[in-house]
Amino acid sequence: MSNLLPEMPVNDEQATELISILIQQIEEYNFQYYVQDTPSVPDAEYDRLIKKLTHLELKFPHLADSNSPTQKVGGEALKGFKQITHATPMLSLDNVFEEQEFEAFAKRIVERLKSTQSADKLDFVGEPKLDGLAISLVYREGRLQHAATRGDGRVGEDVTHNIRTIASVPLKLRGDFPDYLDVRGEVFMPREVFSQLNQQAIKNSEKTFANPRNAAAGSLRQLDPQITAKRKLAVYFYAIGSAQEGSLKSSHQQRLNQLKSWGLPICAEIKRLQGVAACQQYYQSILNKRDQLPYDIDGVVFKINSIEQQRDLGFVAKAPRWAIAHKFPAQEEITELLAVDFQVGRTGAVTPVARLKPVNVAGVIVSNATLHNMDEIERLDIRVGDKVIIRRAGDVIPQIVSVVKQQRKTESVVIDRPNHCPVCHSLVEKEADQAIYRCTGGLICSAQRTQSIIHFSSRKAMDIDGLGDKLIEQLCDAELVNNLADLYRLKFEQLIELPRMAEKSANNVLDSIEKSKQTTLAKFLYSLGIREVGEVTAMNLANQYKELDKIIVADKESFESIKDIGPVAAEHLVNFFVNEDNRKIVSDLIQLGVNWPRIEEKRTINYLCWDKLGC
Ligand code: 9MJ
């Protein structure tokens with residue numbers, strides 16, 4: 001959007017027009033974000049518009065509107081919930097994006113405090129900026145009375161029934177709490193919970209959430225608290241709105257400790273910091289940790305520690321002067337969908353992959369994103385040529401979150417589901433009750449063969465290091481390897497013929513293939529790539545049957561009697577071993593030298609022979 005706007009205006013007429021366009025657009029985005037929980041553009045794009053508007057209002061102050069979105073917290077209370085007026089307004093925070101902007105903030109504080117204290121002596125508290133929903137909880141005589149969302153900062157929605165379901169929210173305070181307490185914090189969905197919720201939704205062909213923040217918002221705005229309870233939300237508290245006179249300590253850090261002592265959870269990463277340099281180090285250390293934290297954050301917040309200094313500094317219309325959010329580089333960006341390719345996996349699953357116009361997302365150039373399955377394409381209503389929002393968080397593969405429909409071009413192209421495998425051209429079939437499309441080619445599909453060999457060689461399977469994915473693809477393309485057993489038939493003379501293959505590398509590859517022959521029954525079973533047979537199932541099978549011959553002839557009931565093996569995995573196991581081709585490959589592998597130590601019957605554990613028992 002911002003790229004479509006004219007450059008900086010030169011006269012009042014142009015400025016008035018641009019301010020009005022920006023306000024209208026920002027208000028629309030505010031409504032989508034705060035009220036509907038369905039933002040249509042990434043935060044970075046929103047922030048750019050706000051920055052542009054702020055800049056214009058500074059340059060043309062006589063044109064600035066007192067109702068401008070730069071002057072108020074976005075959002076209105078939804079009609080479906082009872083409204084609650086906050087006794088003390090819920091503030092938002094001003095943002096900075098650069099170190100210099102933070103330095104300027106600290107300098108302003110020193111000037112306002114008229115103190116002799118320099119910026120490198122300022123007493124701050126640093127807190128991760130949780131990317132969830134701000135919430136206010138009121139406790140009277142230690143009992144949770146009500147809970148409300150921020151709404152527009154003055155009036156929020158009553159979500160007491162849902163907040164009560166959050167495991168970490170105490171319904172009764174402990175210790176020496178004040179008679180009245182209005183405490184503020186952030187409700188969020190831990191990443192792990194979010195990922196499970198979306199995986200389940202994908203499995204059931206249901207709507208997925210774009211990110212943990214939207215999932216938390218959707219879960220909190222449920223009219224049925226039983227649904228909220230299942231969503232496993234979490235909360236950290238970070239401020240006191242108001243409390244009974246005389247009950248509170250004189251610094252922010254001490255107050256956070258008071259909250260903790262009353263049973264209210266506080267983020268463990270919060271730290272007291274002296275001076276600007278310590279704040280910048282803290283910013284960097286939390287940024288480095290960002291991907292490892294179990295929850296999403298979008299920056300860090302710095303707050304002046306002394307409550308007296310906070311009072312002296314006061315507020316501007318929307319935010320305190322004593323706090324600032326230093327935002328991280330955005331994890332969501334906007335780019336164009338250039339094409340959708342279909343990849344075929346080891347089990348024949350045909351998965352769409354988005355090819356994107358390369359874009360920098362939080363420091364990494366992203367040109368591919370996962371689309372999970374065809375249902376996801378339909379759910380997103382995505383077309384080639386669309387402007388899309390992509391998200392890269394943690395180590396997970398980048399994802400397409402949504403389509404910017406307002407920017408759809410008429411020439412955008414609908415994506416059809418493939419009827420035939422893009423590799424072997426066999427028919428593609430949809431699995432009953434599942435969102436997965438599968439190539440029916442089986443072993444004749446070279447993509448499935450290649451992927452099954454990649455899986456067989458991988459670290460947790462036969463662990464043939466030195467045999468990378470690219471080399472396996474070369475071997476398969478040259479038809480030197482057509483099945484798993486062919487790996488053990490490879491000769492030096494064949495390898496050395498491959499392009500860019502040196503004598504030393506060829507010998508290394510043959511050495512690691514030779515070494516891999518010595519394995520365990522569990523690893524061997526896992527490496528065969530039988531559907532639904534992961535590492536744990538393979539281990540359970542090995543421990544239970546102890547010999548491969550017994551597994552080959554076992555029936556469905558026998559498999560189902562084993563821990564964690566359900567009817568689906570049992571059926572896949574039986575189908576795999578009744579197949580003549582598979583039995584031949586298994587027996588060839590053993591003929592060619594793949595072996596494992598015998599699994600002994602468990603005896604009474606004798607600590608002296610612990611190793612020998614293989615426990
Ligand atoms: C978040 N979002 O983590 C504040 N916040 O303080 C923290 N938000 C805040 N503090 C005053 N850690 C207004 C908002």
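At what angle do helix α3 and helix α9 pack, and how far apart are their axes? Helix α3 (residues 99–113) packs with helix α9 (residues 275–289) at an angle of about 145°, and their axes are 11 Å apart.

## Basis of the model

This is a predicted model, in which local features need pLDDT of at least 70 and side-chain atom pairs count only at pLDDT 80 or more, while totals for chains, interfaces and linings use all residues. Residues are numbered from 1 along each chain as its sequence is written, and side-chain values use heavy atoms, with hydrogens and water left out.

The chain has a mean pLDDT of 88, and 93% of its residues reach 70 or more; pLDDT is the predictor's confidence in each residue, from 0 to 100. Residues 72–78 have pLDDT below 50, and this stretch has 25 contacts in the model beyond near neighbours in sequence. A contact means heavy atoms within 4.5 Å. Residues 603–615 also stay under 50, with 5 contacts beyond four places in sequence. Where pLDDT is low, the predicted coordinates should not be read in detail.

## The pair α3 and α9

Helices (H or I, at least four residues) and strands (E, at least two) are DSSP runs, numbered from the N terminus. Axes are lines fitted to C-alpha atoms, for helices over the stretch in contact, and angles run from 0 to 180 degrees between N-to-C directions. The crossing of α3 and α9 is right-handed; a crossing is right-handed if the near helix is turned clockwise from the far one by less than a right angle, and left-handed if anticlockwise.

On the α3 side the contact is made by E99, F102, E103 and A106, and on the α9 side by V276, C279 and Q280. By class, these are 4 nonpolar, 1 polar and 2 charged residues. Ala, Val, Leu, Ile, Met, Phe, Trp, Tyr, Cys and Pro count as nonpolar, Asp, Glu, Lys and Arg as charged, and the others, Gly among them, as polar.

## The sheet of 5 strands

An open sheet has 5 strands in the order β2-β11-β10-β3-β9, with mixed pairing. Two strands pair if DSSP finds at least two bridges between them. The edge strands, β2 (95–96) and β9 (271–274), each pair on one side only. Strand β10 (residues 297–304) runs antiparallel to strand β11 (residues 323–327), and 5 bridges join them.

A second open sheet has 4 strands, ordered β5-β4-β7-β8 with antiparallel pairing. Its edges are β5 (143–149) and β8 (234–243); each has a single partner strand, so one side of each is left without a neighbour in the sheet. From one strand to the next, the twist averages 30°. Strand β7 (residues 180–188) pairs with β8 in the antiparallel sense over 8 bridges, and R184 stands opposite A239 in β8.

Helix α6 (residues 212–220) packs on this sheet, touching β4 (133–140), β5 and β7, and its direction makes about 40° with that of β4. Helix α8 also packs here, touching β7 and β8, at about 115° to the direction of β8.

## Salt bridges

The model has 27 salt bridges, each a side-chain nitrogen of Lys or Arg within 4 Å of a carboxyl oxygen of Asp or Glu. One of them joins E157 and R221, at 3.0 Å from N to O. E157 lies in strand β6 (residues 155–157) and R221 in the loop between α6 and α7 (225–230), so the pair ties together parts that are 64 residues apart in sequence.

## Strand β12 and its partners

Strand β12 (residues 332–344) runs antiparallel to strand β16 (residues 387–391), joined by 5 bridges; E332 stands opposite R391 in β16. β12 also pairs in the antiparallel sense with strand β13 (residues 350–361), over 7 bridges, and the bridge partner of Q343 in β13 is T351. The hairpin of β12 and β13 has 5 residues between the strands, and G348 in this hairpin takes a positive phi near 90°.
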